[in-house]
Amino acid sequence: MHRTAITIPVILALVAGCQNARYQDPQGTALIVSLNKVDIQDFASAADAMVNSMVETGVLSKAAHQPALLGISKVENRTDTQFDTDELIKKIRVALLKGGRAQVTQQLTLGNVKEDPLGDQANQMKRFQDGTDRQPIELPDFTLSGKILFDRTKAGSTRQVAYIFQMSLVDTSNNRVVWEDEKTIVKQGNQNQVGF
Amino acid sequence: MTIRTLASHALGILLLSAGCNTTNTYTSTGKGGYTSVVTNGWLAYKATVDNVREGRLDDGTMKVQIDVRSDQLNPQRFNYLFEWYDAQGMKIDSATATWQNRFIKPQETITLGAVAPTRTCSRWVLKLSDEKQPFTPNN
């Protein structure tokens with residue numbers, strides 16, 4: 001009786017501690033929820049909110065170019081963890097591009113850093129060969145910028161972290177901010193957990 | 001704690017431990033209405049669709065707002081996901097689609113909203129699922 005009482009918890013602990021690696025649906029509910037970082041589902045959720053908000057205002061559909069021409073400006077990560085802000089921005093870009101709402105231009109980029117340098121060189125050579133290299137380049141209708149902020153707090157053993165995603169769209173014809181939104185994701189608990 | 005609350009907790013624990021975390025699905029008819037497939041009674045008790053509003057943006061993109069009601073006497077959480085389909089019934093994938101977790105107060109009605117990922121979408125599907133089950137770490 002006494003031996004059984006000891007053996008069963010030990011076996012249960014061993015079984016629980018021996019989970020083999022497995023694939024998970026990146027859109028699913030079995031992903032890890034972390035209290036110390038922005039999770040992939042947080043980026044997806046923030047990008048979804050931003051795209052919905054941007055499309056709902058209708059600013060992109062009123063641009064001179066259709067689909068609207070977008071320049072990507074500064075997107076700052078001001079959290080205490082390091083990540084590539086493309087985890088957010090690329091999702092937004094893909095959603096806008098696949099939805100036929102906007103295309104990103106390489107003609108004008110922040111710090112003149114080209115995402116695809118070969119594509120840019122090919123474009124310059126084509127413009128030279130066509131004799132259109134002296135014509136004005138196509139400038140973006142809008143520029144997209146943003147910040148990701150965080151706030152961390154604690155009450156007893158309960159930890160809380162808030163990630164605040166802020167984005168703005170500037171109309172380059174008048175330099176006005178024509179769309180802005182903010183999405184806050186709050187996570188609370190004692191430790192990271194699998195699934196939500 | 002009332003008998004009703006105790007009974008609802010007992011039912012919930014029974015269903016969850018039995019592994020009954022199935023998804024409830026609400027599908028638009030394309031004419032402003034919807035049909036529902038409710039396979040999880042416990043989930044429907046804390047998140048059931050009350051009302052649907054469909055509309056179009058200026059550029060023709062479909063948008064939807066769905067009122068979800070809780071009949072529970074305690075605060076609850078549930079997950080939801082919108083899927084979109086075109087007129088031919090083909091699923092349109094969205095780069096930002098993901099299951100989202102939502103809090104609902106006792107007896108509260110909240111609104112879930114979504115905008116279609118493309119202008120060609122003409123039908124939506126709302127999937128509701130219960131929050132993470134106890135006893136099954138990888139459900």
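Modeller: H3(A) lies across strand E2 (68-77), E3 and E5 of chain A and runs at about 130° to E3(A). Helices (H or I, at least four residues) and strands (E, at least two) are DSSP runs numbered from the N terminus; contact requires C-beta atoms, placed from the backbone, within 7 Å. Angles, from 0 to 180 degrees, are between N-to-C directions, with axes fitted to C-alpha atoms, for helices over the stretch in contact.

Modeller: This is a predicted model: local features need pLDDT of at least 70 and side-chain atom pairs pLDDT 80 or more, while totals for chains, interfaces and linings use all residues. Residues are numbered from 1 along each chain as its sequence is written, with chains lettered from A and ligands numbered from 1 in the order written.

Colleague: In what order do the five strands of the open sheet run?

Modeller: The order is E3-E2-E4-E5-E6 in chain A, with mixed pairing; a pair needs at least two DSSP bridges. Strand E3 (102-104) and E6 of chain A are the edges, each with a single partner strand, so one side of each lacks a neighbour in the sheet.

Colleague: How many bridges join E5(A) and E6(A)?

Modeller: They pair in the antiparallel sense over 13 bridges. A:Arg176 in E6(A) is the bridge partner of A:Asp171.

Colleague: And which strands does H2(A) touch on the sheet?

Modeller: H2(A) packs against E5 and E6 of chain A, its direction making about 150° with that of E6(A). Just after H2(A), A:Gly58 takes a positive phi of about 80°.

Colleague: Turning to the contact, how many residues does each chain give?

Modeller: Chain B gives 25 residues and chain A gives 24 residues. Strand E7 (100-104) and strand E8 (109-115) of chain B each supply at least two residues of chain B's side.

How values were computed
Two residues are in contact if their C-beta atoms, placed from the backbone, lie within 7 Å.
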